[in-house]
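Please open the model in your viewer and keep the sequence panel beside it.

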Amino acid sequence: MSNPSAILCDVRTQAEWNFVGLPDLVQTGKHPVLIQWQMLPAMEVNPKFLDALASAQVTPEHHVYFICRSGARSMAAAQAAKAAGFAHVYNVKDGFEGPLDPRGHRGHVAGWKAEGLPWRQG
């Protein structure tokens with residue numbers, strides 16, 4: 001995140017931020033932008049997602065890296081931002097927790113946590 005126009009947008013749910021943890025960008029002097037792509041309980045797409053990006057002062061000129069649990073929701077959010085005119089959008093492959101391991105648990109195979117990137121409890 002050394003690019004001054006780079007922004008990490010975490011599109012998981014409030015519950016995930018609180019109970020699973022958050023990327024810790026303090027060493028870069030930045031904080032993740034937290035905007036839910038889908039909302040509990042029905043996991044409906046957030047109809048105000050693009051408005052929330054604008055409210056967070058994320059502009060089409062920024063390089064926006066979208067992250068979710070495993071990379072699916074963040075891909076959908078990146079595609080929506082791209083369709084709205086954001087030129088530099090990226091999906092963080094494997095997300096914050098990555099795919100399931102053989103025992104059905106996340107966070108050990110790939111993803112932000114498994115790579116040993118800094119994170120903190122929400």
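This is a predicted model: local features need pLDDT of at least 70, side-chain atom pairs count only at pLDDT 80 or more; totals for chains, interfaces and linings use all residues.

Next, switch to a cartoon view and follow the chain from the N terminus, where the elements run β-α-β-β-β-β-α-β-α-β-β, giving three helices and eight strands. The radius of gyration is 14 Å, close to the 14 Å that the globule rule gives for 122 residues, so the chain is as compact as a globular protein of that length. If you orient the C-alpha trace along its principal axes, the spans are about 40 × 35 × 20 Å. Buried residues make up 40% of the 122 residues, and among contacts with a separation of 6 or more, 60% are between residues 24 or more positions apart.

Colour the charged side chains now: there are 11 positive and 10 negative ones, and the centres of the two sets lie 2 Å apart.

Then select the four strands that form an open sheet with parallel pairing, in the order β3-β1-β6-β7. At the edges stand β3 (33–34) and β7 (88–91), each of which has a single partner strand, so one side of each is left without a neighbour in the sheet.

Move on to β1, residues 6–10, which pairs with β3 in the parallel sense over two bridges, while five bridges join β1 to the parallel strand β6, residues 63–67. Which residues face D10 across these pairings? On the β3 side D10 stands opposite L34, and in β6 its bridge partner is I67.

With β1 still selected, show its side chains. In a regular strand the side chains alternate between the two faces of the sheet. Here A6, L8 and D10 point one way from β1, whereas I7 and C9 point the other way, and all are buried; the strand is accordingly described as mostly covered, with five of its five residues buried.

Finally, step back to P4, in the segment before β1. Is P4 buried or exposed? Its relative accessibility is 77%, and because exposed means over 50%, P4 counts as exposed. To end the tour, draw a distance from P4 to E16: the two residues are twelve residues apart in sequence, and their C-alpha atoms are 27 Å apart in space.

How values were computed
Residues are numbered from 1 along each chain as its sequence is written. Side-chain values use heavy atoms; hydrogens and water are left out. The radius of gyration is taken over C-alpha atoms; the globule rule is 2.2 Å times the number of residues to the power 0.38. Buried means under 20% relative accessible area, exposed over 50%, partly exposed in between (1.4 Å probe, protein chains only). Contact means heavy atoms within 4.5 Å. Lys and Arg count as positive and Asp and Glu as negative; His and the chain ends are not counted. The place of a charge is taken as NZ of Lys, CZ of Arg, CG of Asp or CD of Glu. Two strands pair if DSSP finds at least two bridges between them.
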